[in-house]
Number of protein chains: 2
Amino acid sequence: MEVTRKNFRECLPLIEESIKKADFLVIDAEFTGIIHGRDVTMFDSPQEYYVTLLKGSTEFLLIQYGLCAFYWNETKKHYMNDAYNFYLFPRGRPGPEKVFLCQSSSLDFLSSQGFDFNKLIKEGISYMTEPMETRLRENLTERQKSYVTGNNNIPIPDENKQQIEDICKRVRVFLDEKKADSMEIERCNAFIRRLLFQELGSRFKKEAFLETKIVDNRARVLRVSRLKSEAEGLSKDTEKKEKEWEEVEEAVGFSKVARMISQSQKLVIGHNMLLDVIHTLNHFFQPLPSEYPEFKEFAHCIFPRLLDTKYMSSLPPFKDKVNSSVLEHLLATLSEPPFSLPKAESVEGRGYRRADDKLHEAGFDAYVTGLCFLAMHQHLARMRGDRPQRMPDPDCAALKPFLNKLFLAKTAYQDSPYMNLTGPDPTPSRDHVYYITFPKDWQRSDISQIFSSLGARPSDGASPSADDDCVRKHVSKLVA
Amino acid sequence: MEVTRKNFRECLPLIEESIKKADFLVIDAEFTGIIHGRDVTMFDSPQEYYVTLLKGSTEFLLIQYGLCAFYWNETKKHYMNDAYNFYLFPRGRPGPEKVFLCQSSSLDFLSSQGFDFNKLIKEGISYMTEPMETRLRENLTERQKSYVTGNNNIPIPDENKQQIEDICKRVRVFLDEKKADSMEIERCNAFIRRLLFQELGSRFKKEAFLETKIVDNRARVLRVSRLKSEAEGLSKDTEKKEKEWEEVEEAVGFSKVARMISQSQKLVIGHNMLLDVIHTLNHFFQPLPSEYPEFKEFAHCIFPRLLDTKYMSSLPPFKDKVNSSVLEHLLATLSEPPFSLPKAESVEGRGYRRADDKLHEAGFDAYVTGLCFLAMHQHLARMRGDRPQRMPDPDCAALKPFLNKLFLAKTAYQDSPYMNLTGPDPTPSRDHVYYITFPKDWQRSDISQIFSSLGARPSDGASPSADDDCVRKHVSKLVA
């Protein structure tokens, strides 16, 4: 089900219900970019990995969120899914102006997969962190108070005084003549409109109501409406204030869904989900802490049960049978013996079916991730001699080895396969790693030669680090 | 005329011809944002203005460029226009990956004006600076040499050796069997494909040709084609190299147009054009210098004749008659007496007409700016008693006061109305400006009171600076 700002309000109760009845939830997100500046290198520890992403990834925007809720159908004896594909775009008003990074290759890729950027910007649902929401609510309360006191007045610059006075006179005439119900003031820039709001507002408080109108989807004009009574003025004021609060609710937007997911405390599954988790926390909850241990605590507090299918597929008995754990490839592998994909239908219009072909749409990727999880989970059950059926409690022993461990794609094949949110991270041996410095003009062969007496074969890896100067290099596995 | 990567190559000769025959060129650009971080404040000098934009604006992307060439029709005795509206998007390949900033309100605004972001990302023309172009050409020359030497080989990690060997065996069988002409290798991630290119390439150099194919607009597969002869291998190699050079030309893209404009040395007009000039220099020519005097020299060297219609409209005899110099408002004002808009038709499909209503499309804004320029220019001519006709030489005395002065919107009404590219900037008096510090909890009224003995009226301006801490404030015009 596609969700934009157009249908978000109606969808909220449906989403709440889906989360409530689900055995587990699957999430997936699309971003405007992956990494800026120094990327993770293969010997980074989980802590260095986190700091690198914190610096290089968090200024990208989260623009699509997939949520797929899997719930058990006792009659059919299989899972059903409710799926939501949210377009997300944090608008500058009434929220704070958002400046964010994009990576051209990421936009290029999304575009080639049919991502609709026009829909994103026009109809994307807004979002914000909790501290921002609090500030916005406080500011609006203050601002609405100041409508009465006029505390925000600014002085009128000399060069604008004549223009403002002329317009005030025109409004006086309009009010006295009592011919039309409203008049429009055109061709004013934003600053003049601001001054007019202030001056007309204080001079004609009880006689006129002011508002900005957008004409032809473009030009802003100031409309002055004659008030028929003081009561009409008050009700227009109340209306305006209510509209401002509605705008705040709209601006908080998708964060409400993210907080529902958190509050449910249910098992939340993702594929290669570290970036999804990082962006989810950073955009909808709180700015990320700079310290790694605090991040682990924060993530675990918001999502007490996380499971990464990419990590799961990297362990026995899947490891040897899965050549590539790219989601699409994993799905293909798990569709063939010795594995099999489970049934997971949906009520018409509420979720996906296998025949849908929408890979890289966040909602569909979440659905596919859920299928992969069920296929692996049921394979394990069959190996234990159980009949595959409804998933047990997420805290059961069968899931324990996979819980709260986030796959670290770029270092996994070296030595830091995962981040452990609820305990110490793996500490890989560095006995076989040499850290060497050498003259700038040396070639790989020069290094191999020196290490050859220690048993290094010519093809062994001297892997350049990300540093440009070529002076520092890692040499790995030379004595393996 | 809309120009995208689809028709850019065919359009280049047309554009060249338009520039050649023009009396003057008008440009306009759309960006992904305006300013990030500290904005210009009203007492900034032109130098501070430049440094602020350099830090806060140059990481936004230029996504649409309007070019309108006005040329004289001697038969009709009025101007004609050729106009081009370019969608611009610097792709990551073969150029360098581009990471850039966006401002949500700017995208929101463009979207409300009908800007097509899907077209932008799918069909935008690429661009790059001159140093980047040089580097790209050098790199490709080097890379094409290395196809022969195999200098770029990387060692195969132990855990991938079996998979690579298995695939090599399959390819050997395919080549020996001589049944099909090509085979495809699927479900490999990018790293494995890289290793296969290297291994298959060196083992089956004379028997097979390798290429990556994208299937269903999504999955990448490696295709191995049987070579019928050594000559076929060579011609496929040549073809590949030629395609790579074509890709470089496509990546240089719009920069070629910008350089044509520069080389023409013609009068280049814009409305509020400082940001357009800054982005044009920075994206298509060279990274901007950090020093302000160098920037002035650089800008003047690339565009020897610039004219800003917003600056022009801020001088007598226009100043008093133009209430708002927002382009749309200026056009409306110049359509009414004592002004009049000139005729400026176009050959069908080559430019705009007055009836077109495409404000905020860069090409149309350039056209409208050209009309405004002609209207003001002809008004001046009439005041001198001349009959409005073809524009004289751009170096004539009539245009001199407006040439090479860029309007500084945010400080113009205080004291730094423009940047002078060919001479010293205006040095406004600071005699009436006080710089004061005061306790954090003071109100504006506390300051007014202290200055009242010096003649300050209560409404005079104490304008908060951009600093958050409220400790430093400017007080202006207190003794005016």
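This is a predicted model: local features need pLDDT of at least 70, side-chain atom pairs count only at pLDDT 80 or more; totals for chains, interfaces and linings use all residues.
## How the two copies are related

Residues are numbered from 1 along each chain as its sequence is written, chains are lettered from A in the order in which they are written, and side-chain values use heavy atoms, with hydrogens and water left out.

## Where the chains meet

Count a contact as heavy atoms within 4.5 Å, and 53 residues of chain A touch 54 residues of chain B. The copies meet through the same surface, so 100% of the interface residues of chain A are also interface residues in chain B.

Which parts of chain A supply at least two residues each to the side that touches chain B? They are strand S5 (99-103) and helices H3 (104-112), H4 (117-123), H6 (158-177) and H13 (327-334). Helices (H or I, at least four residues) and strands (E, at least two) are DSSP runs, numbered from the N terminus. H3(A) gives the largest share, six residues.

## Strands and a salt bridge

S5(A) pairs with S5 of chain B (residues 99-103) in the antiparallel sense, over five bridges; strands pair if DSSP finds at least two bridges between them. In S5(B), B:Cys102 is the bridge partner of A:Phe100.

There are two salt bridges between chain A and chain B, each a side-chain nitrogen of Lys or Arg within 4 Å of a carboxyl oxygen of Asp or Glu. One of them joins the side chains of A:Arg91 and B:Asp108, at 3.2 Å from N to O.

Most residues other than glycine have a negative phi, and most peptide bonds are trans. Now look at the bond from A:Pro337 to A:Pro338: that one is cis, with omega near 10°. A:Pro338 belongs to the loop between H13 and strand S11 (344-345) of chain A.

A:His360 has a positive phi, near 80°, and lies in the loop between S11 and helix H14 (362-383) of chain A.
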